[in-house]
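Subject: Structure handover

Hello,

Here is the structure you are taking over. My notes on it follow below.

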Amino acid sequence: MSDNGFEPQITAFMCIYCGYMAADTAGALRIPYPANVKLVKLPCTGKTDPRYILQAFEEGADGVYVVACPVGNCHHVRGNERGYARVQRTKKLLDAIGLGGERLEMFFMSGGQGQAFADAAKEMTERIRSLGPSPIKERVNELTG
Amino acid sequence: MIIGEQKPLEEIKELIGDARKVLVAGCGTCVAVCSAGGEREAQILASALRLAFQVDGNSREVTEATVQRQCEWEYIDPLAEQVAESDVVVSLACGIGVQTLVERFPEAWIVPGLNTTFLGMPQEQGIWVERCQACGQCILGVTAGICPIARCSKQLLNGPCGGSHDGKCEVNPDIECAWHLIYERLRKLGKLELMLRFQPAKDWSVSRDGGPRRIVREDLRVLPET
Amino acid sequence: MSEANGYKSGSRLEKLLRAGHFVVTGELGPPQSADGEVICQKARLLKGKCDAVNITDNQTAIVRLSSIGSGIICLQEGVEPIVQMTCRDRNRLAMQSDLLAAYALGVRNLLCLTGDHQSFGNHPTAKNVHDLDSLQLIHMMAKMRDEKVFQCGDPIKGAEPRFFIGAAANPFADPFDWRPYRLLKKVEAGADFIQTQLIYNVEKFAEYMRRVRELGLHERVYILAGVGPLKTPGMARYMRDKVPGMEVPDALVERMEAAGRDIPKEDKEARNAAWREEGIKITVELIEQLRQIEGVAGIHIMSIEWEEGVGLIAERAGLLPRPTVGELEDR
Ligand code: SF4
Ligand code: SF4
């Protein structure tokens with residue numbers, strides 16, 4: 001499978017505070033970021049749940065990442081740290097599944113950091129592009145011809 | 001409560017073997033509270049299995065269902081149909097739940113998804129600790145409410161061994177020396193004389209060593225034993 | 001006849017203690033093999049240098065030739081064994097039956113121990129037993145001897161095992177305040193003699209003994225103070241920093257370090273010799289100090305994997321020659 005022309009599908013979970021504001025800032029400042037990122041809002045990244053992450057992969061995501069407030073600056077005090085711990089656990093689970101934990105990442109940024117948001121989207125897009133499509137999607141494609 | 005820990009995915013896959021239709025059965029009581037086998041964990045495991053089988057190029061049908069308690073007939077009866085339709089049931093209940101399913105559904109192939117680990121409590125969010133070994137003859141009344149059977153690495157009954165150091169057990173600095181705790185608590189409560197008492201050899205016949213145990217409460221029985 | 005003269009076991013150790021001798025015991029670690037010759041050799045090194053020799057029971061939870069088996073070999077070499085038995089590996093049935101056999105084969109001294117946890121040894125996945133704890137083991141053996149009953153209460157119809165019953169004490173383990181009371185419990189359970197953990201901190205041990213005397217225990221049990229030569233500065237540091245319930249004062253660590261300082265690293269042999277010499281010197285000094293403490297009835301020299309050390313130390317401490325049983329019976 002060649003990387004050329006592969007547009008990864010990426011799901012980004014973000015809190016409605018810094019995470020979503022950073023996305024907003026990127027938009028307002030017209031900082032371009034890859035369009036293949038599906039944004040899903042969480043009340044707080046403390047709500048990050050392995051169930052949601054796995055569901056995204058089941059529905060065909062090639063990569064997933066979570067955007068949270070900077071550590072120490074969570075609107076729910078330590079929600080982002082809890083989210084981080086769950087992301088770490090889910091990475092292990094993805095390794096065990098055979099999808100690879102590197103398809104999942106977490107980023108911390110404040111609401112004003114539009115550039116950081118765009119960078120994260122770019123970084124994940126590039127990482128997943130080099131990893132190739134999720135084997136799940138390949139299987140689904142195989143099955144559906 | 002009963003504390004368990006999920007088996008590694010690889011082991012669960014091995015237990016599933018070639019089965020095509022997999023039912024992951026969660027339990028909503030102890031193992032849900034310790035985040036090992038409740039509804040959430042059942043959903044996660046089902047999802048993980050579906051993904052893993054797809055990655056292997058060998059998709060299976062993996063569904064999941066959680067009941068309030070897997071260790072009582074009434075609660076598991078509603079699973080009958082789903083169990084009957086499955087080639088294998090991965091139970092995320094403790095070993096008791098697994099066996100309750102086995103007894104209720106003798107035709108079904110049922111495997112454990114958890115390692116049932118101990119009887120304990122959450123010490124803090126994310127940390128569970130052992131507190132009781134169900135020894136059948138509780139001695140907490142003379143040990144200041146701290147169990148040396150479950151919490152002393154050598155199950156000593158007459159005070160701390162020579163390895164007790166700074167309140168920690170010789171086995172591992174993460175383990176509090178149960179006898180140090182007992183000593184301190186008795187001292188603070190002015191009851192150290194309890195520790196001076198010689199504790200005779202324990203009657204292990206009422207513990208697991210006496211064979212599988214059973215309690216019969218005639219006052220509660222509906223049908224007399226035949 | 002042991003019962004005559006009111007001896008409990010009639011062992012040489014018991015007789016010497018009763019006669020008021022300052023006794024010396026040594027220690028022998030059985031091999032991790034079926035090689036009985038190793039035991040013979042070690043026994044020969046210890047013979048005449050001490051009054052009785054502890055035989056360790058799967059020490060540090062590593063499988064070794066059994067303490068009872070090794071004890072029998074010692075007897076054949078003319079060395080009196082103190083057979084150690086831990087609660088880790090046997091339940092009450094196995095303990096009683098093995099000790100009946102040990103007695104039948106001539107063993108007379110027994111040291112009752114809890115045992116190191118199996119996680120320290122070479123079979124960490126083993127199931128441990130701890131059916132009895134060390135106090136209950138002492139109690140069981142005292143009742144077998146004095147009341148002629150098995151642990152369950154059934155009478156022993158034939159000969160009962162009459163051991164001189166020992167127990168260990170670690171004055172440096174925590175909680176410090178509890179330790180004299182633990183000794184009291186062991187004495188009340190039936191211990192006849194006590195061997196302590198290695199002592200390097202004499203001051204703390206003296207305080208422990210003061211409390212032991214306050215409880216009157218020095219008159220109810222023979223207390224043998226445990227010593228052992230430091231072999232290298234590394235070993236001294238390790239014991240100071242890493243071994244729970246062991247106290248090695250900095251001054252002793254420094255002495256060990258100083259001993260090899262002027263010898264070039266390349267001259268390993270000379271350095272080792274200097275360290276060992278210092279280790280022996282320290283041990284001899286410790287023995288001299290410990291002898292002064294009221295209630296210390298003897299010395300237990302633990303010279304692990306250096307059996308020659310026992311003789312060297314006993315010699316330098318003026319503890320040789322050891323009295324012979326013949327002498328004893330002439331008294
Ligand atoms: S003494 Fe027995 S019943 Fe009581 S807490 Fe301990 S193990 Fe459980
Ligand atoms: S150190 Fe304490 S908890 Fe550990 S085995 Fe000894 S008495 Fe038990």
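B:R60 lies in the loop of chain B that runs between α3 (39–55) and β3 (61–67); helices (H or I, at least four residues) and strands (E, at least two) are DSSP runs, numbered from the N terminus. The model is predicted, so local features need pLDDT of at least 70 and side-chain atom pairs count only at pLDDT 80 or more, while totals for chains, interfaces and linings use all residues. Residues are numbered from 1 along each chain as its sequence is written, chains are lettered from A and ligands numbered from 1 in the order in which they are written, and side-chain values use heavy atoms, with hydrogens and water left out.

B:R60 counts as buried because its relative accessibility is 13%; buried means under 20% relative accessible area, exposed over 50%, partly exposed in between (1.4 Å probe, protein chains only). Not counting residues up to four places away in sequence, B:R60 touches B:I16, B:G17, B:D18, B:A19, B:R20 and B:F53, where contact means heavy atoms within 4.5 Å.

After α8(B) comes B:G190, with a positive phi near 65 degrees.

Ligand 2 is surrounded by 13 residues (a heavy atom within 4 Å). The closest are B:C152, B:P160, B:C161, B:C169 and B:C177. The shell around ligand 2 holds 8 nonpolar, 3 polar and 2 charged residues, with Ala, Val, Leu, Ile, Met, Phe, Trp, Tyr, Cys and Pro counted as nonpolar, Asp, Glu, Lys and Arg as charged, and the others, Gly among them, as polar.

In chain C, C:S11 lies in the segment before α1 (12–18). C:S11 counts as buried because its relative accessibility is 1%. Leaving aside neighbours within four places in sequence, C:S11 contacts C:E80, C:R108, C:N109 and C:F164.

Of the 2 pairs of chains in contact, B and C share the most contacts.

Regards
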